[in-house]
Amino acid sequence: MSSKLHLSPKADVKSLISYVVTKTKVISGKYHRFLDRHFPRFYVLYTTFMKGLQMIWADAKKTKRIKTNMWKHNIKFHQLSYREMEHLRQFRQDVTKCLFLGIISIPPFANYLVFLLMYLFPRQLLIKHFWTPKQQIDFLEIYHAIRKQSHPEILCYLEKITPHISDAGLRWHMTELCTKMQRGTHPAAQDILALREGFSKRPLGMDQLPTLQMKALSRAMLLTPHLPSALLRHRLKTHTTVIHQLDKALAKLGISQLTSQEVKSACYLRGLNSTLIAEERCRTWLAEWLQISCNLKEAELSLLLHNVVLLSINYTGTRR
């Protein structure tokens with residue numbers, strides 16, 4: 001009879017764990033309400049930080065799943081689906097940004113300094129998972145303002161180099177495009193595609209771009225320009241190739257399958273300040289981008305790199 005009246009040891013452990021979890025949730029709820037009531041500003045930062053940690057953990061698990069599947073089935077990066085490719089690209093970028101924090105937190109007691117730096121410089125040191133909703137809008141605006149500063153320099157170089165283009169037809173098309181840019185006209189996809197041969201060889205091919213133009217293009221892509229010329233060229237090639245591969249996967253998926261946030265993120269990556277532009281306008285612009293990208297060969301990717309400026313600078317709603 002006694003054996004029937006008492007729970008088994010395993011049941012006792014499960015009951016204890018359930019009790020502890022329930023109590024922890026109650027205490028955590030009270031703690032959150034206390035912070036929200038007495039320290040509202042700190043509570044926003046606290047909840048953002050905790051959610052950020054959960055999102056990073058989820059991203060890491062998803063990345064591991066994708067990488068494992070790639071290894072098991074011998075799948076290359078460009079063979080993945082659009083969302084898998086974009087996830088790996090973004091996660092790699094996030095890890096690179098977090099690496100600096102990891103390095104400076106190695107010395108004893110340096111973690112206290114790291115927390116202070118994270119609080120003072122969230123845009124420079126933290127990834128978007130740890131930004132508040134307001135910070136996400138503000139920081140993306142700041143980043144776009146930074147890359148906009150390079151646009152005049154990039155266009156100035158194209159105007160300057162136009163007389164050195166040997167093909168008369170390409171020279172005329174480049175002159176027409178530069179004139180449209182200066183007038184504030186948004187070019188058609190065919191206007192840009194007409195120049196693709198000119199961007200596959202000297203003087204506008206990827207291997208012939210001068211250091212100053214590569215530095216300006218790096219700033220337009222939100223990449224550091226403070227690297228030796230050879231590394232700048234390699235990084236721009238790699239970054240542009242990844243975007244080209246993403247474009248092909250996105251064309252296969254279809255823009256209509258993307259959520260509003262995915263559309264805006266895709267546009268922002270490719271040079272458009274999508275934070276204040278309506279979703280439908282973003283979808284239209286992204287379709288124009290894909291029309292250009294999917295008609296370019298690997299040797300013509302210098303045009304795709306310059307397209308970050310050419311297609312975005314005069315798009316409706318982006319000029320101020």
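**Close-up views of a predicted model**

**View 1. Helix α4 bends by about 25° at a kink centred on C98.** The model shown in this and every other view is predicted. Helix α4 runs over residues 82-104 and has 23 residues. From its first C-alpha to its last, α4 reaches 34 Å. That is close to the 33 Å expected at 1.5 Å a residue. Which residues of α4 are buried? They are Y82, M85, E86, H87, L88, R89, Q90, F91, D94 and L101.

**View 2. D138 and K134 meet through their side chains in a salt bridge.** Side chains of opposite charge can pair when their charged atoms come close. Here the N to O distance is 2.7 Å. Both residues belong to helix α7, which covers residues 133-148. D138 and K134 are four residues apart in α7, so about one helical turn separates them.

**View 3. E197 and K201 form a salt bridge.** The closest N and O atoms of E197 and K201 are 3.4 Å apart. Is E197 buried, exposed or in between? E197 is partly exposed, with a relative accessible area of 43%. K201 is partly exposed too, with a relative accessible area of 33%.

**View 4. A salt bridge joins K237 to D207.** The closest N and O atoms of this pair are 2.5 Å apart. Where do the two residues lie? K237 sits in helix α12, residues 229-253. D207 sits in the loop between α10 (189-193) and α11 (211-220). The pair therefore ties together parts that are 30 residues apart in sequence. K237 is partly exposed, with a relative accessible area of 32%. D207 is partly exposed as well, and its value is 48%.

**View 5. Helices α8 and α11 cross at roughly 140°.** Two packed helices are described by the angle between their axes and the distance between the axes. Helix α8 covers residues 151-161, and its axis comes within 9 Å of the axis of α11. That angle makes α8 oblique to α11. Is the crossing left-handed or right-handed? The crossing of α8 and α11 is left-handed.

**View 6. E159 of helix α8 lies 6.5 Å from C178, C-alpha to C-alpha.** Along the chain, E159 and C178 are 19 residues apart. E159 is partly exposed, with a relative accessible area of 34%.

**View 7. Helices α14 and α15 cross at roughly 160°.** Helix α14 covers residues 279-293, and helix α15 covers residues 301-310. Their axes come within 11 Å. How are α14 and α15 oriented to each other? They are roughly antiparallel, because their angle is over 145 degrees. The crossing of α14 and α15 is right-handed.

Conventions:
Residues are numbered from 1 along each chain as its sequence is written. This is a predicted model: local features need pLDDT of at least 70, side-chain atom pairs count only at pLDDT 80 or more; totals for chains, interfaces and linings use all residues. Side-chain values use heavy atoms; hydrogens and water are left out. The expected span of a helix is 1.5 Å times one less than its number of residues. The bend at a residue is the angle between axes fitted to the seven residues ending there and the seven starting there. Buried means under 20% relative accessible area, exposed over 50%, partly exposed in between (1.4 Å probe, protein chains only). A salt bridge is a side-chain nitrogen of Lys or Arg within 4 Å of a carboxyl oxygen of Asp or Glu. Axes are lines fitted to C-alpha atoms, for helices over the stretch in contact, and angles run from 0 to 180 degrees between N-to-C directions. Angles under 35 degrees count as roughly parallel, over 145 as roughly antiparallel, 65 to 115 as roughly perpendicular and the rest as oblique. A crossing is left-handed if the near helix is turned anticlockwise from the far one by less than a right angle, and right-handed if clockwise.
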